[in-house]
Amino acid sequence: MPATTAPRRALALLAALPLLVLAGCGYGSQAKDDGGVRIAAGAEKTDGLDSVRIGYLGNVTHATALVGNQKGFFQKELGATEARYAVFNAGPSAIEALNSGSIDIGWIGPSPAVNGYARSEGRNLRIIGGSASGGVKLVVNPDEIKSLKDVKGKRIATPQLGNTQDVAFLNWIAEQGWKVDAQSGKGDVTVVRSDNKVTPGAYESGSVDGAWVPEPTASRLVAQGGTVLLDESTLWPDEEFVTTNIVVRQEFLEEHPKAVAAVLKASVDTNEWIGAHPGEAKAAANKQLEKDTGKALPADVLDPAWKSIRVTDDPLAATLAAQADHAVEAGLLEQPGLDGIYDLTLLNKVLKAKGEPAVDDAGLGVQ
């Protein structure tokens, strides 16, 4: 599709979105009961930093960040530098925090990462690693929607204008031959931008007929009687697509590469631990979700949610390029230049040291 002639209004709206920070305090060594690693006596600061500010979403699709926080992997690698955390409700808000310098590194979905990179004209952000694939579903009220064609004319929630699931749903709508105005959400389907925290209530009240959402919101809706109409993974080759990336401010990457490398090593170690201890990892993620949101997930929500995601160090770069195209086609983004959006140098050094193969940037890495 040809590029539009001017940046779309969605980018301005995303730039104005307020931060939705639910928590912004130090964990790890500072907490008494979170299972974190205390700062060892005589430990040194990494890159001379007092702290590294890490952001993520309170979703199971951010399992690496949840478990890495709860089990102290980040704090262990950062030594006497405090790992501080901020929890967001949606990716665009986390990108704003990165762009404003409120956080240094974030676990963020692909569409907000692309938007943030495009808005700064490639000057502010880099994707430095992968974290998760899968864990996104279209869940509907079975009394109102019995087949995919029944979605037409219904009200379907997504987490936020321009977020990863919003873009995916708009792209799926277009593939059905239906029309929706991306900004207003009005058309053959009504797209309702609804915070993941309030979507289950909206579903229960009948104000939406379903939702295209990440875990654990999808499994919450199923526990309320919803039916999974579509698993997004089935729409992708090999059923793999990037759900969560690790994104860093370029300035922080340039000035504090040792700190970035420490966080990446912690991420790789966390993913390895999750693979070796799936039951313990699920419990750790749930414990951190309880700390971050005030409520643990019940088993009928947590168990199916956990099964539907796959943690990965690979950013699955080719699928990010496809998602960027989807945002352009939806009218949410002018055709972005994605050259240089990835810098996987430090990640591949970490992987090499562990005897693991390098991951690929699909030709979109720094030169």
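**View 1. The largest pocket is lined by 19 residues.** Nearest its centre lie Gly58, Asn196, Lys197, Arg220 and Thr293. This is a predicted model, in which local features need pLDDT of at least 70 and side-chain atom pairs count only at pLDDT 80 or more, while totals for chains, interfaces and linings use all residues. Residue numbers start from 1 along each chain as its sequence is written, and side-chain values use heavy atoms, with hydrogens and water left out. A pocket here is an open set of points on a 1 Å grid over the protein atoms alone, where a 1.4 Å probe fits, with protein on both sides within 12 Å along at least five of seven lines; lining residues have an atom within 4 Å of a point. The volume of the largest pocket comes to about 460 Å³, counted as the space filled by probe spheres set on the points.

View 2. α11 has the largest share, with three residues. Helices (H or I, at least four residues) and strands (E, at least two) are DSSP runs, numbered from the N terminus. By type, the lining splits into eight nonpolar, seven polar and four charged residues; Asp, Glu, Lys and Arg make up the charged class, and Gly counts as polar.

**View 3. Five strands form an open sheet in the order β7-β6-β8-β5-β9.** The pairing is mixed, and two strands pair if DSSP finds at least two bridges between them. At the edges sit β7 (190-193) and β9 (227-231), each pairing on one side only. From one strand to the next, the twist averages 25°. Inside the sheet, β5 (residues 136-140) runs antiparallel to β8 (residues 210-214), joined by five bridges. Look for Val139, whose bridge partner in β8 is Ala211.

**View 4. Strand β3 (residues 105-108) is covered on both faces.** Ile105 and Trp107 on one side, and Gly106 and Ile108 on the other, are all buried, meaning under 20% relative accessible area with a 1.4 Å probe and protein chains only. β3 pairs with β1 (residues 51-57) in the parallel sense over two bridges, and with β10 (residues 242-249) in the antiparallel sense over four.

**View 5. Ala358 sits in the segment after α14 (345-353).** Ala358 counts as exposed because its relative accessibility is 58%, and the cut-off is over 50%. Leu344 is 14 residues away from Ala358 in sequence, and their C-alpha atoms are 8.9 Å apart.

Note on methods
Axes fitted to C-alpha atoms, helices over the stretch in contact; angles between N-to-C directions.
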